[in-house]
Amino acid sequence: MKIKVCGLKYPENIQQISETNPDFMGFIFYKKSPRYCRSSLNKEQLSKLSQATNLVGVFVDEGTENIHQTCSHFCLNHVQLHGKETAEQCKKLQLAGLKVIKAFSIEKAFDFEILKEYQVHCNYFLFDTKTKLQGGSGKKFNWDLLNRYSLGTPFFLSGGIGIEDLEEIKKIKHPQLFGLDINSRFETEPGLKNHEKIKPFIKNIRDEY
């Protein structure tokens with residue numbers, strides 16, 4: 001099981017989280033987010049982080065060229081799309097050399113059939129909770145809904161995951177569950193992660209999987 005720590009913002013905290021050895025670290029380039037990071041991010045620091053950790057740029061309805069330029073500038077090898085991006089845009093980003101994570105907001109009425117056109121052009125899906133916010137709400141959706149997903153593209157589970165959810169996560173046996181996306185429940189403030197909580201969480205997940 002992979003762990004992605006998303007919504008990082010501050011250089012010192014980024015270094016602390018890097019030392020917990022997550023599989024992915026996510027940086028939000030959506031200006032309306034309290035975790036918007038562009039002005040505080042240090043590209044030299046990112047270039048020196050462990051190559052074992054994948055670096056992810058998170059965008060919402062951003063133009064393809066801007067996404068590509070931002071990822072190139074900050075040495076990011078994955079892109080996470082949280083808006084109404086099309087399968088065609090995902091394809092273009094893949095052709096530009098980026099691995100694509102397409103996020104979808106899940107609620108009871110969500111139709112997983114709409115993912116079929118995306119599966120060829122996305123490396124991963126991410127299933128988050130449908131709210132008025134673009135992620136980072138700290139709220140969970142009904143994880144039983146994952147049983148409706150039957151495609152072959154692996155996915156990240158997101159939405160209000162905290163340390164107290166470990167036992168419930170262990171009960172999920174979906175074959176395409178690839179990783180966990182953690183964010184707001186491990187923060188002391190938006191964009192500032194508590195590495196003392198994240199380190200044992202990662203250890204517990206890796207001991208189990």
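Biologist: Which residues of helix 3 are buried?

Modeller: This is a predicted model, in which local features need pLDDT of at least 70, side-chain atom pairs count only at pLDDT 80 or more, and totals for chains, interfaces and linings use all residues. Residues are numbered from 1 along each chain as its sequence is written, and side-chain values use heavy atoms, leaving out hydrogens and water. Helices (H or I, at least four residues) and strands (E, at least two) are DSSP runs, numbered from the N terminus. With buried meaning under 20% relative accessible area, exposed over 50% and partly exposed in between (1.4 Å probe, protein chains only), the buried residues of helix 3 are Ile-67, Thr-70 and Cys-71.

Biologist: Within what arc do the buried residues of helix 3 fall, seen down its axis?

Modeller: The arc is that of the directions from the helix axis to the C-beta atoms. The buried residues of helix 3 line one face of the helix, because they fall within an arc of 95°.

Biologist: Which strands does helix 3 touch where it packs on the sheet?

Modeller: Strands pair if DSSP finds at least two bridges between them, and 4 bridges join strand 3 (residues 54–59) to strand 4 (residues 78–81), which run parallel. Contact means heavy atoms within 4.5 Å. Helix 3 (residues 64–73) packs on the sheet and touches strand 3 and strand 4.

Biologist: In what order do the 8 strands close into a barrel?

Modeller: The barrel has 8 strands, and their pairing is parallel. The strands close in the order 1-2-3-4-5-6-7-8.

Biologist: How far from Cys-75 is the nearest cysteine sulfur?

Modeller: A disulfide is a pair of cysteine sulfur atoms within 2.5 Å, and a search of the whole structure finds 0 of them. Cys-75 is in no disulfide, and the nearest cysteine sulfur, that of Cys-71, lies at a distance of 10 Å.

Terms used. Axes fitted to C-alpha atoms, helices over the stretch in contact; angles between N-to-C directions.
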